[in-house]
Structure formats: structure tokens, C-alpha cells
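Subject: Handing over a structure, with notes on what was found

Dear colleague,

I am passing on a structure for you to look at, and my notes follow below it. Please read them alongside the coordinates.

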Amino acid sequence: MDLSDLHLLSASEAARLIRDGAINSEQLVEACLTHIHAVDGNIQAWAFLDPEYALTQARALDQHRLESKPTGPLHGVPISIKDIFDTADMPTEYGSPIHAGRTPSRDATAVALLRGAGAVIMGKAVTTEFAFLNPGKTRNPHNREHTPGGSSSGSAAAVAAHMVPLAIGSQTAGSTIRPAAYCGVVGFKPTHGLISRHRASPLSRTLDHVGLFARTIDDIALLAEQLVAYDENDLDTRPRARIPFCAISAEEPPLAPMFALIKTPIWERADDETREGFAELVGQLGTQVEEVELFPSAHEAWQWHQTIMGAEVAHNFEREWQNNRALLSEQLRAQIERGLEVRAVDYQRALKQIEPMHDSFVELFEQRYDAILTPAAPSAAPKGLSSTGDPAFCTLWTLCGMPGITLPLLQSADGMPIGV
């Protein structure tokens, strides 16, 4: 095996080769670092990267294995962490000058679980400011003139450019699904409360999810198995039986799945290439897909999401608003100002709409359908770096806390990925 190509391995392949002794973690991390050095000057996916410390972790894990000590499912595999998750041995700055140089004393729960599984915490991926809208420095690996999406821009770009096989990010509107779609990788936003958000910078408790990035579905399954756990520090998690993501991923479905194509009320935002791509996809699926109209109450979901997010963002950033307002971006200041105007009765009314929508979707799935088919974003990644793109096609599913996965199945005329 050519050691210079190890960065091309999937996480599942790398974990198996390390477990079998065909390669070691130091060789894998060295290959990733060499590739990062070659390509990241143009992509800029990293907020923090200490190559020698990454190698130190890898060597320690290799020694651990040589001593026949127990190893985890991700033993020796490098992963990138969005820079809103606390890391006790690296800065966590939230993409904001307000927290420049901040190094927390403890890991976020998700980071601690990854370490426990044997992962090498490679470094911190660029995030938009506080995981909101103001873009970071990262560029799309497929075309540097196009946005990588946000807010998990560095996470998606690092995986897409083969700098690491895995990354974690977050989603409050479309911040995992959209950048994954724009960068042409697999992005997974699990059910709300499935993965702890403890010691990750909060935007909205109601809407925040941890998001996962990989280049294969099997790798998403492997990563998810390490992260799904009850955490008493995140009140939206709960004890549950272990979910065998890897076994499910490896199985053939017992029956051909049936899809509900839901265009949503914002279908007009989808560009011609996205509409044409979905028409072709629907044609390929044939009798396995039916177009389904959303129930009327869901048409207001985008306003409910805006109300909830506005109020909770204003609450969560009260200290920054009071003490460092001038260092906040114009977008975040405007969001906080809108949130401060939300009436308590409107906030409570919006929260109460989520459970009835849950019930309506449960009925949809129980009747006939296994999954919903819908665009990840209105288009391929837009040209320009002043915006992270439109998250509107993710809003409803995030509000409902439903699991979503985007697959890089379509392509624009100029070769940019389009996610499904």
C-alpha cells in the first residue's frame, strides 16, 4: 500500500487496517497532514491545527495498541471538530474575535466520546461566527469562488478535500445538510436529542443538533454509533437502547423503500438544475416514489422556526450583546435585535406547534412511506463568499427534530455537487 495515499481511505477502511496492523495511526495522520499542507492554503478549512500534537496523539494510540490494551472502533482515525465544541487541549473560539485565545478546561461530551472511541482529534474546523450566518474563511473544495456553505463550513470542506475522513459540526437551521450538499459529501443530522450538545456553543436549545460528515454512509454509521448516548448534562437526551447503525447500514432493506417526494411550499426557490435533477431521480425511482402535499399547518413552520430561533439566540447571546456588541457581525446583531422583539406569547405558541407536526409526520410514515425525498438546498453552492447560501429546504425538518441525511447524488452543469 502506498503510504502517501492513506488520506484517501474511508474511516471504516482506516480503522480496519489499523486494527489488523497493516498500517498504524501515525502513518495515517502523517499522510493526512501532508495532504493538508498541499491543499489547505486554497481551502482554509482549519481554525486550529497543530501537526506535531496530532502526531503525538497518533503515536500514543499506536503504543497503546502495541501493548495489547483495549482499542475503540475509531482507534487511530483522525477527525475534525467544528470550533464551537470545547476541546480541553486546543482553543475553542466560536469563530468570533470576542473569544480569541479561549482554551476551555474540559471537552464537550461529543469530543470526550470520540476520544474514548480512540479517535485522533486532528484540530478545529472553521465555523461561521457562533455557528450563525457570517461566513468564515473556508472555500469550497470544488471551486474556490463558491461558498462551502455554513455554518459547518470547515468540517464539510475538510472531509470533501480528503484532509480527514470524518468531522462533526452542528445544525440549527441547515448548517450540516447544506455544507455537506455544497461540498459533495454525506451529511447526517440525527434526531434531536440523540447526541449530546453539552459544552458546545448554543444558538437554540430547541433547534440545535450535532451533525456528522463523512464520504460514505458506512462511515456516518460508524461515527454515529460512537456519539449516541444519554448525557445528564443535556436535558434533551434520554436513556435508550443502543442503535446498531453499522449493522443497519450493512444490511439490504427487507423491502424496496417507498419515498414521499415533498417539495414543500418553497419549491419555487429551487433552481432549474435542482428541479431537473429531482425529476430525473423521481423517474429512476419509478413506482417507489409518490409526490405528497404537506399538511396545511406545516406551511407556517418557517415562521415558527424564525420566532423560536430569534428568541433563543437573543437569550443565549445576552452577555455578548451587552459587553461586546461592536465585535458582533451585522447579521448576528440584527438577529439578536429581532429576537429581543419576540413576544413571550408568540414564542410559546410557536413551541406548541412542534408536537402536532410530529404527529402528522408519524401518520405519514405509518401509512405508507419509509422516507421523505426533498432537496438539501435550492441549488448547488452559489458563487461568492459573502453568503453561506439558503438553508430554507432544511428548516422544516430541523424544527421538527427529524433525522435527515444528504447524499451527493446530483451535479450541476459546471460540476458542482447537488445534494438529495
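How do the residues of the lining of the second largest pocket divide into nonpolar, polar and charged? They divide into 9 nonpolar, 9 polar and 4 charged. Please keep in mind, here and throughout, that this is a predicted model.

To stay with that pocket for a moment, the second largest pocket has a volume of about 400 Å³, and of the 22 residues that line it, Leu133, Ala173, His305, Met309 and Pro391 are the closest to its centre. Helix H10 (301–316), helix H12 (330–340) and H15 are the elements that give two or more residues to this lining, and H10 gives the most, with 4 residues.

The largest pocket holds about 1400 Å³ of space and is lined by 40 residues, of which Asp370, Ala371, Pro403, Gly404 and Ile405 lie nearest its centre. At least two lining residues come from each of strand S5 (186–189), helix H7 (217–227), helix H8 (245–250), strand S9 (371–373), helix H15 (392–400) and strand S10 (404–406). The residues of this lining divide into 29 nonpolar, 7 polar and 4 charged.

Rolling a probe the size of a water molecule over the atoms shows where empty space is left. The count comes to 1 cavity of 30 Å³ or more, and about 60 Å³ of space lies in the largest cavity. The lining of that cavity is made up of Thr128, Pro135, Gly136, Thr138, Thr147, Pro148, Gly149, Ser153, Leu385, Ser387 and Thr388, which divide into 3 nonpolar, 8 polar and no charged.

As for the chain as a whole, there are 15 helices and 12 strands, and the C-alpha trace spans about 60 × 55 × 45 Å along its principal axes. Because a compact globule of 420 residues would have a radius of gyration near 22 Å, the 21 Å of this chain agrees with that expectation. Of the 420 residues, 54% count as buried, while the chain exposes about 18100 Å², of which carbon and sulfur atoms supply 50%. Among contacts between residues at least 6 apart in sequence, 76% join residues at least 24 apart.

After H4 comes glycine 118, whose phi is positive, near 95 degrees.

Two residues in the loop between S2 and H4 deserve a look together, namely aspartate 83 and tyrosine 94. Aspartate 83 counts as buried because its relative accessibility is 2%, under the 20% cut-off. Not counting residues up to four places away in sequence, aspartate 83 touches Ala47, Pro91, Thr92, Glu93, Tyr94, Gly95, Lys124, Ala125 and Thr127. Tyrosine 94, one of those partners, is buried as well, with a relative accessible area of 11%, and has a positive phi of about 60 degrees although it is not a glycine.

Most residues other than glycine have a negative phi, and most peptide bonds are trans. Serine 68, in the loop between H3 and S2, is not a glycine and yet has a positive phi of about 60 degrees; at 67% relative accessibility, serine 68 counts as exposed. The peptide bond from glycine 150 to serine 151 is cis, with omega near 5 degrees, and serine 151 is found in the loop between S3 and helix H5 (153–160).

Finally, leucine 66 is found in helix H3 (residues 51–66) and is exposed, with a relative accessible area of 60%. The C-alpha atoms of leucine 66 and glutamine 306, which are 240 residues apart along the chain, are separated by 53 Å.

With best regards

Key: Residues numbered from 1 in each chain as written. Predicted model: local features only at pLDDT ≥ 70, side-chain atom pairs only at ≥ 80, totals over all residues. Heavy atoms only, no water. 1 Å grid on protein atoms, 1.4 Å probe; cavity = no way out; pocket = protein on both sides within 12 Å on 5 of 7 lines; lining within 4 Å. Points joined across faces, edges and corners; volume = space filled by probe spheres on them. Nonpolar A, V, L, I, M, F, W, Y, C, P; charged D, E, K, R; others polar. Rg over C-alpha atoms; globule rule 2.2 N^0.38 Å. Buried < 20%, exposed > 50% of the residue type's maximum accessible area, 1.4 Å probe, protein only. Contact = heavy atoms within 4.5 Å. Areas by Shrake-Rupley, 256 points an atom, 1.4 Å probe, with all protein chains shown as cover.
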